[in-house]
Each structure stands twice: as structure tokens, then as C-alpha cells.
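Here is a short tour of one chain, written with the viewer open beside it. Load the coordinates and follow along.

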Amino acid sequence: MDKDFSDNFLIKGSFSIKKASTQYKGKLTKEEGEILLVQEKEKLRELQEKLYSDGSQSLLVVLQAMDAAGKDSLVEHVFGGVNPQGCNVTSFKTPSSKEYSHDFLWRHYLALPQKGMIGIFNRSHYESVLVCKVHPEYNLSEKTWKSVKDFDKKFWENRYESIRNFEKHLSQNGTTIVKIFLNVSKDEQKKRFLDRINEQEKNWKFSMGDLPERALFDQYMNCYEQAINETSKDYAPWYVLPADDKWFARVAAIQIIIDTMEKMNLKYPQLSEKDKQELKDAKKQLENE
């Protein structure tokens, strides 16, 4: 039975959103998946400790998805076992007036993980080629552009180029990047919205603003397809996970993250001979108290 999914959803070459499955169709059961997730969380915690002690690199995990695809719960279930001192989660909402007074990448630079840390972007710089492409008028808030007519093909090509350059720069300076798109179907999104309405304890999750965006579902899918094709590179790969089954998306995501960290060649610091001798002296002193 295949229990290693880390390479199954890596985007190489041309990507078609219509051909990407939203459902897991393998043999792993939900019960087996939940057991596997617990086991993988132990590995992730060990790797995080090594990343922190190594202190020479950082990991950036970018999560993108439509509403109700399971981003928040994935963060909770995948990273729930790591040391919170070594992990930061940033959820990017509508930019503030201060953020709009800078270029579109500025606020993302501020949230990058320092060396030794894991950073998680719950939504990210990709919103500038997703929601801002579906709603190009949002770009006018940057005050650089005078009309939506300015947002032509060249404008979007420049945005993709800026993102590629941003991610390449990070990669060349010690940050490993893994980007995950949770691919949820429109039918499953509808089911989850109805759950939020019907179950009182989930009411707070539903916003009336979700419905107008849902009506633009196909436009968003086209934007995701283009963004992924434009920016899935060896230094910042995209993984497209079937997300109709949350339990499976979590298993696949944690395996991708673990395999990525294992390739970072992390090492615990090596003590000098002087440091080793000082440890021996300290041990002797403590034992003789």
C-alpha cells in the first residue's frame, strides 16, 4: 500500500486545473491516515528541533486555497506538535493603508521566518495574482495605477516575474520554500458552507462575503492555474493536493514538508574539543556536589 505521497502532487511542466483531482482515490483509509499523521508529526518535531539548532536555514510554507478548503485546520493538525517557539503563522488579510503605501511584497518580507524557524503563510503574496486578478480594481489602492485599464497582460507578467524573483532571492539566501494549493471542489465547498450555517458552533466561520466569491469560482481556478504554471520552479515548487478529504490533505502535506526538510541537510552543531572538555568538567562538578 502506497503511504508516501510526497512526490505524487509536485507540479512539473504544464499544469491543468481541470485534470487535477480534488479527491483522494487511493487505498489508504481515513483511520490509517490518522494514525500515519500522528507518526509523521513526531518526525516533523524532530526535524524542527534540528532546524532550530542548526540555525543556518529557514523553511517557508505557503498555503493557498479557496474559502473552506481547510487551510486553518491543516495548520492546526500538521503543525500542532511542533515547538511554538520555532514556528510562526501569518494570515494575510486585506492590506492596511500602511501596507498599501509600499510595494505588494513589502508586508511579506516583514513576515519571513528568520534562520532556524518555520514560517507559514496562510494566504500569501499570491493574493496579488489571485483575488487582485479577479478583482483588478483592488490594485488601485496601491495608488500607483490610475485605471483598471493599466492592468493589462504586461502588468500581470511583471507580477509573476516579481514573485519568481522574490522566491529565488529567498532560496539563494537560506530559505527553503514549499507551496501547497489545497484543491477543493465547488461541490465540497458548498457542503462545508452549509455545515457552517447549519451547525451553530461553526456559524462564526461563515461570512456573507463568501457567496459572491463563490460565484467567481471558475475565474479563481483559472487564476490559480496560471499562477502555478508561472511560478512552480525547482527553487519554489508547487504541490496541488486533493482537499475534498481533509484527513488526506493533511497526511500529504506533512509528508511533503518532512521530505523537504530532510533534503535541507540539517545538522546539530558540533562541539569543539574545548567545549567537550568543559562539558566533562561541568558533569564532574555536578556529580561531586
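## Lys263 and the loop around it

Lys263 is exposed, because its relative accessible area is 66% and the exposed class begins over 50%, with buried under 20% and partly exposed in between (1.4 Å probe, protein chains only). Its place is the loop between α10 and α11 (273-287); helices here are DSSP runs of H or I with at least four residues, strands are runs of E with at least two, and both are numbered from the N terminus. Lys263 and Thr176 are 87 residues apart in sequence, yet 9.8 Å apart in space, C-alpha to C-alpha.

Before going further: this is a predicted model, where local features need pLDDT of at least 70, side-chain atom pairs count only at pLDDT 80 or more, and totals for chains, interfaces and linings use all residues. Residues are numbered from 1 along each chain as its sequence is written, and side-chain values use heavy atoms, with hydrogens and water left out.

## Further along that loop

Lys267 also has its place in the loop between α10 and α11. Is Lys267 buried or partly exposed? It counts as partly exposed, because its relative accessibility is 47%. Leaving out residues up to four places away in sequence, Lys267 touches Lys50, Ser53 and Asp54, where a contact means heavy atoms within 4.5 Å. Ser53 sits 214 residues from Lys267 along the chain, but 7.8 Å separates their C-alpha atoms.

Asn265 lies in the loop between α10 and α11 too. If you're checking backbone torsions, look at its phi: near 55 degrees, a positive value in a residue other than glycine. Lys143 is another one to check, with phi near 65 degrees, again positive in a residue other than glycine. That residue lies in the loop between α5 (131-134) and α6 (153-172). Lys143 is exposed, because its relative accessible area comes to 76%.

## Strands β1 and β3

Now to the strands. Strand β3 (residues 118-122) is mostly covered, with five of its five residues buried. Ile118, Ile120 and Asn122 point one way, Gly119 and Phe121 the other, and all are buried. β1 is mostly covered as well: eight of its eight residues are buried. From β1, Ser58, Leu60, Val62 and Gln64 point one way, while Leu59, Val61, Leu63 and Ala65 point the other, and all of these are buried.

How do β1 and β3 pair, parallel or antiparallel? Strand β1 (residues 58-65) and β3 pair in the parallel sense over five bridges; two strands count as paired if DSSP finds at least two bridges between them. For landmarks, Leu59 stands opposite Ile118 in β3, and Leu63 has Asn122 as its bridge partner in β3.

## Who else joins in

Strand β2 (residues 87-91) runs parallel to β3, joined by five bridges, with Val89 opposite Ile120. β1 has a further partner in strand β4 (residues 175-183): eight bridges join the two, which run parallel. In that pairing, Lys179 of β4 is the bridge partner of Val62.

## The nonpolar core

The largest nonpolar core has 80 residues, and Leu44, Phe79, Leu182, Leu241 and Met261 touch the most other members. Such a core is a set of buried Ala, Val, Leu, Ile, Met, Phe, Trp, Tyr and Cys residues joined through side-chain atoms within 4.5 Å. Helix α10 (residues 246-262) gives the most to this core, with eleven residues.

Leaving aside neighbours within four places in sequence, its contacts include Phe9, Ile180, Phe181, Leu182 and Asn183. Also among them are Ala249, Ala252, Ala253 and Ile256.

## The chain as a whole

The chain has eleven helices and five strands, and its C-alpha trace spans about 75 × 45 × 40 Å along the principal axes. Buried residues make up 46% of the 289 residues. Among contacts between residues at least 6 apart in sequence, 81% join residues at least 24 apart.
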